[in-house]
Amino acid sequence: MVRPSGTGPVVLAVSGASAQPLAQRALQLLLEAGEAVELVTSRGAIGVWQAELGLRVPSEPDAQEAFWRERTAVSTGQLRCHRWNDQAAGIASGSFKTRGMVILPASMGTVGRIASGVAIDLVERAADVHLKEGRPLVICPRETPWSLVHLRNLTALAEAGARIAPPVPAWYHQPQSIEDMVDFLVIRIFDVLDYELGNLRRWQGPPHQPGSPGAPATGTTSQ
Ligand SMILES: Cc1cc2nc3c(=O)[nH]c(=O)nc-3n(C[C@H](O)[C@H](O)[C@H](O)COP(=O)(O)O)c2cc1C
């Protein structure tokens with residue numbers, strides 16, 4: 001059984017699927033909100049940053065922290081970065097308390113290894129720890145289309161207590177830009193851990209029709 005979100009830092013794990021900008025925005029919003037983040041970026045993710053954006057993410061923790069501070073342009077909050085294969089990191093142990101863990105984005109390789117209990121890198125080990133401790137684990141898989149293997153692995157993880165939160169956009173908040181879309185996705189994902197990371201235009205029900213009972217005098221929507 002999964003316990004509700006506890007106290008402590010959140011583990012933000014980034015694996016080698018497309019959609020790295022979502023991870024960067026999540027980190028930025030968490031730090032802006034003054035939150036504590038334990039960040040681990042898989043070796044695959046470092047390759048995707050390089051392939052998609054031409055960015056070289058350092059693997060050493062200190063250099064990585066400086067890199068993310070500069071990219072997010074946020075100096076608040078607490079950030080601790082981990083080397084992708086550091087199995088001695090605090091987050092590799094169940095005795096290290098966290099509020100929960102989010103894997104954003106989650107590659108099918110990472111999903112498959114966690115679903116089989118194979119913990120080769122620190123993302124997989126920390127996820128394994130969250131499952132065994134009954135702490136919230138939010139997995140944001142990015143692949144299309146999903147094969148039966150992917151679906152079975154995701155089902156196994158959901159059965160083990162993970163929340164599966166694919167980064168799927170919506171239009172009801174009337175996004176005006178890609179940034180609006182990214183914020184919607186990140187904020188909805190972190191809703192699962194009860195973070196309030198921004199002023200999302202949340203759905204409040206259908207707009208009132210002018211003249212209907214309870215309609216606002218201006219006729220504006222209430223979304
Ligand atoms: C540019 C690029 C984009 C990729 N996008 C995805 C993706 O969206 N989903 C996925 O499962 N794998 C994707 N891959 C493949 C993974 O990066 C690869 O399977 C890697 O080994 C995953 O490593 P990790 O699970 O340790 O992060 C992509 C690879 C590259 C180079």
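Visitor: How many helices and strands does the protein have, and what pattern do they follow along the sequence?
Guide: The model is a predicted one. Its secondary structure consists of seven helices and six strands. Read along the sequence, these give the pattern β-α-β-α-α-β-β-α-α-β-α-β-α.

Visitor: What is the radius of gyration of the protein, and what does the globule rule give for 223 residues?
Guide: The C-alpha atoms fill a box of roughly 65 × 40 × 35 Å along the principal axes. For 223 residues the globule rule gives 17 Å, and the protein comes close to that, so it is as compact as a globular protein of that length. The radius of gyration of the protein is 19 Å.

Visitor: Which helix gives the largest share of the shell around the ligand?
Guide: The ligand is surrounded by 18 residues, and the closest are Ser-15, Gly-16, Ala-17, Ser-42 and Gly-44. Two elements give two or more residues to this shell: helix H2 (43-53) and helix H4 (108-115). The largest share is seven residues, and it comes from H2.

Visitor: How do the residues of the shell around the ligand divide into nonpolar, polar and charged?
Guide: The shell holds 18 residues, with Ser-15 and Gly-16 among the closest. By class, they divide into five nonpolar, four charged and nine polar.

Visitor: At what angle do helix H1 and helix H7 pack?
Guide: Helix H1 covers residues 20-32 and helix H7 covers residues 178-191, and their axes are 10 Å apart. H1 passes H7 in a right-handed crossing. The angle between the two helices is about 65 degrees.

Visitor: Which residues of H7 does H1 meet?
Guide: From H1, the contact uses Pro-21, Leu-22, Arg-25, Ala-26 and Leu-29. The residues of the contact of H1 with H7 divide into eight nonpolar, no polar and two charged. On the H7 side, the residues are Val-182, Asp-183, Leu-185, Val-186 and Phe-190.

Visitor: Is Val-40 buried or exposed?
Guide: Val-40 is found in strand E2 (residues 36-41). Beyond its neighbours within four places in sequence, Val-40 is in contact with Val-11, Ala-13, His-82, Trp-84, Leu-122, Val-123 and Ala-126. A residue with 20 or more other C-beta atoms within 10 Å counts as buried. Val-40 has 30 other C-beta atoms within 10 Å, so Val-40 is buried.

Visitor: What distance separates the C-alpha atoms of Ala-106 and Pro-166?
Guide: Ala-106 has its place in strand E4 (residues 100-106) and is buried, with 32 other C-beta atoms within 10 Å. Leaving aside neighbours within four places in sequence, its contacts are Ser-15, Ala-17, Val-111, Ile-139, Cys-140, Pro-141 and Arg-142. Along the chain, Ala-106 and Pro-166 are 60 residues apart, while their C-alpha atoms are separated by 8.8 Å.

Visitor: Where is Pro-145 found?
Guide: A cis peptide bond joins Thr-144 and Pro-145, with omega about -10 degrees. The peptide bond from Leu-104 to Pro-105 is also cis, with omega near -10 degrees, and Pro-105 is found in strand E4. Pro-145, in turn, is found in the loop between strand E5 (137-141) and helix H6 (148-159).

Visitor: What is the phi of Ala-19?
Guide: Ala-19 is found in the loop between strand E1 (10-14) and H1. With 17 other C-beta atoms within 10 Å, Ala-19 is partly exposed. Although Ala-19 is not a glycine, its phi is positive, at about 95 degrees.

Technical notes. Residues are numbered from 1 along each chain as its sequence is written. This is a predicted model: local features need pLDDT of at least 70, side-chain atom pairs count only at pLDDT 80 or more; totals for chains, interfaces and linings use all residues. Axes are lines fitted to C-alpha atoms, for helices over the stretch in contact, and angles run from 0 to 180 degrees between N-to-C directions. Helices (H or I, at least four residues) and strands (E, at least two) are DSSP runs, numbered from the N terminus. A crossing is left-handed if the near helix is turned anticlockwise from the far one by less than a right angle, and right-handed if clockwise. Two residues are in contact if their C-beta atoms, placed from the backbone, lie within 7 Å. Ala, Val, Leu, Ile, Met, Phe, Trp, Tyr, Cys and Pro count as nonpolar, Asp, Glu, Lys and Arg as charged, and the others, Gly among them, as polar. A residue is near a molecule or strand if its C-beta atom, placed from the backbone, lies within 6 Å of it. The radius of gyration is taken over C-alpha atoms; the globule rule is 2.2 Å times the number of residues to the power 0.38. A residue is buried if 20 or more other C-beta atoms lie within 10 Å of its own, exposed if 12 or fewer, and partly exposed in between; C-beta atoms are placed from the backbone.
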